[in-house]
Amino acid sequence: MTNWVPDLTGSGPLYQRLADAIEADIDRGVIGAGAKLPPQRDLAYDISATVGTVGRAYQLLRERGLVSGEVGRGTYVLGENIGVTKPEEPDTSVEGTRYADAPKDKLRFDSTAAPDIGQGAIVADVLSRAAQDHPHEISSYTRDFPDRWYEAGARWLSRNAFRPAVDTIVPTLGTHAAVMAAIAALTTPGDYVAFEHLTYSQISRSAGLIGRRTALVASDDEGLDPADFERVCAQKHPKMIFLMPTAQNPTLVTLSSARREAIARVAREYNVILIEDDLYGHLTDDPTPLLAEFAPERTIIAGGLSKSVAAGLRGGWLSCPPAYRHRIRVAHKMMTGGMPFLLAEVNSRLVLSGQASEIRRRSIAEISARMAIVRERLTGFSFKSHDKVPFVWLTLPDPWLSGTFKNACLEHGVLIDDEDEFKAGRSERVFHGVRFGVSQPRRREDIAGGVAVIRRLLDEGRAGYDSFS
């Protein structure tokens with residue numbers, strides 16, 4: 001396109017006015033189907049704006065189904081005529097590297113849900129009593145949340161000196177839903193959300209689906225680097241950062257108090273909201289103060305029952321500054337359809353009765369027994385583990401590559417996760433690591449057998465795996 005300048009008159013943020021102007025010109029036929037929009041840098045110069053502003057406008061147009069594009073190729077108008085758009089190719093970037101349907105008859109070392117320690121019988125009893133006590137509520141939609149649901153969340157999220165007030169709690173359908181509700185409520189399409197290069201990447205992929213952009217922050221052996229966080233804040237101005245400060249997934253790093261304090265300082269200086277996922281931290285006895293204790297005015301802490309009680313209950317809560325609470329609760333309802341009474345009631349009863357804590361204690365004991373098997377079988381190799389956390393971060397010896405090792409394990413009947421499953425965005429860093437969980441197989445004998453497969457492949461090297469067989 002040449003000699004085209006959008007009409008930016010009107011009110012509202014510049015990136016929205018720019019997107020609206022381009023959409024209007026597409027509708028009028030000023031910009032035809034198949035036309036290539038100006039490069040972001042060129043258009044930014046023409047309208048005296050930043051490249052980031054133009055990028056956010058183009059992202060909005062992609063969300064509206066008007067354009068498509070990729071780095072290095074350009075942005076093109078879709079459709080053969082006004083109001084008709086051609087479908088884009090499926091975006092596989094949101095899928096990760098796991099199978100949508102796991103292959104049958106394989107050991108599931110690719111999950112970290114709570115182990116089966118017989119909690120089904122406990123849940124069945126609580127479920128039955130809840131159904132008997134509240135038949136009317138079960139037959140209808142949940143409009144009002146009883147106080148006990150908030151009390152359960154406050155109790156479950158409490159750890160070390162952190163004790164959230166009841167009026168900061170939002171009950172959610174698991175920790176993932178809690179985090180996504182916060183992102184949806186407190187950011188807008190085009191905003192950056194910061195992540196470590198390796199993390200629970202399903203959050204970054206989910207955030208991408210609702211138009212948020214990913215900014216990557218470097219980490220080292222001690223966890224997220226506060227200096228690089230400050231660099232990213234200065235350059236990309238993220239609205240939020242997602243962190244797992246204790247027993248980080250997948251690296252198992254726990255941030256020191258000094259690092260947490262430094263991260264809180266940077267977040268305060270650049271007005272960044274901190275999302276603290278304490279799902280695995282809640283399994284540990286780590287005494288380090290939570291990030292929420294360093295920056296309570298800007299930290300949202302999320303947790304749930306999936307890793308320690310039962311993943312199938314979809315039990316979760318978040319605690320946030322009171323000013324955010326209503327917006328997050330509404331966003332959670334809009335994104336999930338709302339809390340089902342039966343699940344929320346069962347989860348709160350488990351927590352308030354003490355049964356959830358007892359199941360967690362038994363789950364941790366089972367995890368510890370399984371981790372002992374791992375440590376014995378993998379002696380001599382480099383890996384990180386925690387007695388109470390149900391996964392291992394294994395550093396692969398040369399010449400193994402992460403994806404190749406995952407495929408080799410699959411051919412020998414074991415499902416594990418390669419490092420790409422945990423990359424929050426396109427990263428040039430290579431870690432040569434894999435993660436495997438030990439909580440899903442039902443028997444400890446299965447753990448021993450699966451780890452034996454991993455050990456044998458490590459011992460044999462690439463000579464033990466033929467990718468063409």
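Begin by selecting Val77, which is found in strand β2, residues 74–77, where helices (H or I, at least four residues) and strands (E, at least two) are DSSP runs numbered from the N terminus. Val77 has 3% relative accessibility and therefore counts as buried, a word that means under 20% relative accessible area, while exposed means over 50% and partly exposed lies in between, with a 1.4 Å probe and protein chains only. This is a predicted model, in which local features need pLDDT of at least 70 and side-chain atom pairs count only at pLDDT 80 or more, whereas totals for chains, interfaces and linings use all residues. Residues are numbered from 1 along each chain as its sequence is written, and side-chain values use heavy atoms, with hydrogens and water left out.

Now show what surrounds this residue. Leaving aside neighbours within four places in sequence, Val77 is in contact (heavy atoms within 4.5 Å) with Ile26, Ile31, Gly32, Ala33, Gly34, Ala35, Leu37, Leu66 and Val67. If you then select Glu366, 289 residues apart from Val77 along the chain, you will find that the two C-alpha atoms are separated by 56 Å.

Stay in strand β2 and select Thr75, which is also found there. Thr75 counts as buried because its relative accessibility is 9%, and, not counting residues up to four places away in sequence, Thr75 touches Ala35, Lys36, Leu37, Tyr58, Arg62, Val67, Ser68 and Gly69.

Next, zoom out to the whole protein. Its secondary structure comes to 16 helices and 17 strands, and its C-alpha trace spans about 70 × 60 × 45 Å along the principal axes. The radius of gyration, taken over C-alpha atoms, is 24 Å, which agrees with the value near 23 Å that a compact globule of 469 residues would have, by the rule of 2.2 Å times the number of residues to the power 0.38. Buried residues make up 52% of the 469 residues. Among contacts between residues at least 6 apart in sequence, 73% join residues at least 24 apart.

Select the seven strands of an open sheet with mixed pairing, whose order is β4-β12-β11-β10-β9-β5-β6; two strands pair if DSSP finds at least two bridges between them. Strands β4 (169–172) and β6 (213–217) stand at the edges with a single partner strand each, so one side of each is left without a neighbour in the sheet. The twist averages 25 degrees from one strand to the next, with axes being lines fitted to C-alpha atoms, for helices over the stretch in contact, and angles running from 0 to 180 degrees between N-to-C directions.

Within this sheet, highlight β9 (residues 240–243) and β10 (residues 273–277), which pair in the parallel sense over four bridges. The bridge partner of Met240 in β10 is Ile273.

Now turn to the side chains. A nonpolar core is a set of buried Ala, Val, Leu, Ile, Met, Phe, Trp, Tyr and Cys residues joined through side-chain atoms within 4.5 Å, and the largest one here has 34 residues, with Ile183, Leu186, Met240, Ile300, Leu318 and Ile328 having the most contacts inside it. Elements that give two or more residues to this core include α7 (174–186), β5, β9 and β10, and the largest share, eight residues, comes from α7. Select Ile328, which touches Ala181, Ala182, Ala185, Leu186, Ile300, Leu318 and Cys320, not counting residues up to four places away in sequence. Apart from this core lies another, of 27 residues, among them Ala177, Val309, Phe341 and Ala344.

Finish with some details of the backbone. In the loop between β9 and α10 (257–270) lies Pro250, joined to Asn249 by a cis peptide bond with omega about 15 degrees. Leu252 lies in the loop between β9 and α10 as well; its phi is near 70 degrees, a positive value in a residue other than glycine. A cis peptide bond also joins Asp398 and Pro399, with omega about 10 degrees, and Pro399 is found in the loop between β14 and α15.
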